[in-house]
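Student: Please take a close look at the aromatic pairs and at the charged contacts of the side chains around them.

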Amino acid sequence: NAASSQPPTERVEDYIGGAISIAHGLVFTVERGRTGGGTDARNAPAALPPNRSTSVDLIATRLVAYDARSGELRWQRGAGASATTPVSVVARDSVDEELSDVQFRAAPIGVGDHVWAPYFKQSDLFVAVLNPSDGSLVRSVLLGSAREPLNPVAPTLLPAVSDGLVFVPSGYGALFALDAADATVRWACQYEVGTLPRRDPRTAPVTAWLPSPPVVAGGLVLLA
């Protein structure tokens with residue numbers, strides 16, 4: 001067979017940058033880089049694999065909210081938003097700097113009248129409860145601290161809500177259950193990593209937790 005003229009390709013995945021959710025008439029995304037237009041910085045690749053040289057700050061992310069009907073930018077929180085975004089779409093609250101330099105790890109989910117989004121601040125894992133109308137911070141709950149270096153690309157920490165509880169994974173095997181009414185931690189549990197090999201070990205390291213939300217079914221919570 002003749003040699004292919006197509007250049008070699010590399011398939012990579014950025015689970016955090018690919019996250020999207022819908023709640024309260026808004027579409028939420030997590031964007032990388034310090035820019036205020038609601039999109040990734042110009043030099044940010046569509047997907048960022050580990051160890052690739054890039055001038056984009058992988059740790060700094062922004063939570064961006066668009067109107068579900070018009071697609072217009074409503075507000076954003078996170079890296080660079082308060083510095084380069086018009087005041088009309090920058091959320092203001094009494095702790096405006098709390099979310100100025102954090103790493104959002106998933107697009108938020110709707111919980112009652114608010115939206116909840118997990119984020120890391122340095123090595124500490126929090127969940128933010130935000131007002132969907134303007135992105136103002138209602139409360140921030142510290143869940144725990146990571147002892148290992150953070151991976152800026154994966155996994156995403158997609159939460160789930162069921163029967164008055166919000167389940168937030170940590171990416172390190174710990175799962176937190178919070179009361180949906182007042183965001184208090186009801187319980188937390190650390191799970192051991194499985195030892196069985198995957199059918200296709202190329203998809204992710206055997207010791208990695210999958211970038212999928214907890215699944216609540218039959219009175220059980222499934223964490224993969």
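**Aromatic pairs and salt bridges**

Tutor: The structure holds 4 aromatic pairs, where rings of Phe, Tyr and Trp (its six-membered ring) pair if their centres lie within 6.5 Å. One of them joins Phe 167 and Trp 187, with 6.0 Å from centre to centre and 55 degrees between the planes, so the pair is tilted (planes under 30 degrees apart count as stacked, over 60 as edge-to-face and the rest as tilted). This pair links distant parts of the chain, 20 residues apart: Phe 167 lies in strand β11 (residues 165-169) and Trp 187 in strand β13 (residues 185-190). Strands are DSSP runs of E, at least two residues, numbered from the N terminus. Phe 167 is buried at 4% relative accessibility, whereas Trp 187 is partly exposed at 31%; buried means under 20% relative accessible area, exposed over 50%, and partly exposed in between (1.4 Å probe, protein chains only). Phe 104, Tyr 119 and Phe 126 form one aromatic cluster.

The model is predicted: local features need pLDDT of at least 70, side-chain atom pairs count only at pLDDT 80 or more, and totals for chains, interfaces and linings use all residues. Residues are numbered from 1 along each chain as its sequence is written, and side-chain values use heavy atoms, with hydrogens and water left out.

As for charged contacts, there are 2 salt bridges, each a side-chain nitrogen of Lys or Arg within 4 Å of a carboxyl oxygen of Asp or Glu. Arg 186 bridges to Asp 179, with the closest N and O atoms 3.1 Å apart. Arg 186 is exposed at 51%, while Asp 179 is buried at 17%. Asp 67 and Arg 74 also form a salt bridge, at 3.3 Å from N to O, and Arg 74 is partly exposed at 33%.

How values were computed:
Helices (H or I, at least four residues) and strands (E, at least two) are DSSP runs, numbered from the N terminus.
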